[in-house]
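Please look over the sequence and the model below. Then read on for a short tour.

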Amino acid sequence: MALLGRISKCLDSTSDLPTDVSFLFKDEGGVVTEVKAHKLILAIASDVFKKNFFGSLESESKINIEDVSEEVFKAMVDYIYNKGIDWNDLELSFLASLYYVADKYDISELREEIIASIPEHMITDENVMDVAILAEANILHEPLSDTLYDAGASFLLQKFKGKVENVFEFCQETEATDINGLVVFKMLARMKKMKKINPKKCGNCHEISCLYGQSLTSSNIVVGAWVIRNNERRGLKVCAVARNQEWFKCDEGRYCWGCSAGQYHHLIENYKYFCIDC
């Protein structure tokens, strides 16, 4: 963990490690901005970067990026440098662009975390069609498209409550365009498949709708569940919960000095579910 923490500080202004590559972005007004990084660190995270920077051809120190925004590209770089990303604060359209760039540079861990974060986003009457259209726009990225479509279909399944009248009302309120008709048809088809699936609770969080990646609360914490601290990558198991429902003990008494001393050492709100076999 200490090493990852040091890597996350390599781009800080106080770091004495000079960067050796800059990615350039030009806005509509012609203003050029840049995202700096270290070739070696990028190459460790991505075979594409490794080939570009340490292949047979001499690599450039300044690279123009035109297919994604500076914000999206910087988010990818921040992830590589182990800087914390609050997935819930990011729009689904932003995540779709981030998935594109993660796929372009073959960073599978980032792709997987993006997919896992999508079910955490709230789907509403106001955005369900936008989510479905975004899914269709990313049809070439099948895991992303499927996850977005499933999110929209799950919302509609709950909204319709098995009543055909609710389906008719939704269709009546939706603008009749080619793209709307296509995505509604696809969501309805997915809903039929979902209804055939026998609901099964996650073996970790004990919920039918798995809470993977969602924050722990006093009402959803489960003794025996695997959880993970925000921005860390090593999980631990909940052993007991304090009476005030704000702290818990882990089962790693040999390594956790607080829990080994009998304390409820971990603050619930700092952790999220880490369901890996649901």
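This report covers the overall build, the cysteines and the aromatic rings.

**Overall build**

The model is predicted. The protein has 278 residues, and 38% of them count as buried. Eleven helices and eight strands make up its list of elements. Along the principal axes, the C-alpha atoms fill a box of roughly 65 × 60 × 35 Å.

The accessible surface comes to about 17100 Å². Carbon and sulfur atoms account for 51% of that surface. As for charge, the protein carries 31 positive and 42 negative charges.

**Cysteines**

How many disulfides does the count come to? The count is zero. Cys-239 shows the reasoning. A disulfide needs two cysteine sulfur atoms within 2.5 Å. The closest cysteine sulfur to that of Cys-239 is in Cys-250, 7.8 Å away, so the gap is too far for a bond. The surroundings of the two residues can be stated too. Cys-239 is partly exposed, at 42% relative accessibility. Cys-250 is buried, with a relative accessible area of 6%.

**Aromatic rings**

A search of the whole structure finds ten aromatic pairs. Two of them are set out here, each with its distance and angle.

| Pair | Centre to centre | Angle between planes | Type |
|---|---|---|---|
| Phe-23 and Phe-73 | 4.6 Å | 50° | tilted |
| Phe-49 and Phe-53 | 5.5 Å | 10° | stacked |

Why is the pair of Phe-23 and Phe-73 called tilted? Planes under 30 degrees apart count as stacked and those over 60 as edge-to-face, with the rest tilted. The planes of Phe-23 and Phe-73 are at 50°, so this pair is tilted.

Where do these two residues sit in the chain? Phe-23 is in strand β1 (residues 21–26), and Phe-73 is in helix α4 (residues 70–80). They are 50 residues apart, and their pair links distant parts of the chain. Both Phe-23 and Phe-73 are buried.

Phe-49 is buried at 2% relative accessibility. Phe-53 is buried as well, with a relative accessible area of 7%.

Which residues form one aromatic cluster? The members are Phe-23, Phe-25, Phe-49, Phe-53, Phe-73 and Tyr-105. Both pairs in the table therefore lie within this cluster.

Technical notes: Residues are numbered from 1 along each chain as its sequence is written. This is a predicted model: local features need pLDDT of at least 70, side-chain atom pairs count only at pLDDT 80 or more; totals for chains, interfaces and linings use all residues. Side-chain values use heavy atoms; hydrogens and water are left out. Helices (H or I, at least four residues) and strands (E, at least two) are DSSP runs, numbered from the N terminus. Buried means under 20% relative accessible area, exposed over 50%, partly exposed in between (1.4 Å probe, protein chains only). Accessible areas come from the Shrake-Rupley method with a 1.4 Å probe; for residues, only the protein chains shown count as cover. Lys and Arg count as positive and Asp and Glu as negative; His and the chain ends are not counted. The place of a charge is taken as NZ of Lys, CZ of Arg, CG of Asp or CD of Glu. Rings of Phe, Tyr and Trp (its six-membered ring) pair if their centres lie within 6.5 Å; planes under 30 degrees apart count as stacked, over 60 as edge-to-face and the rest as tilted.
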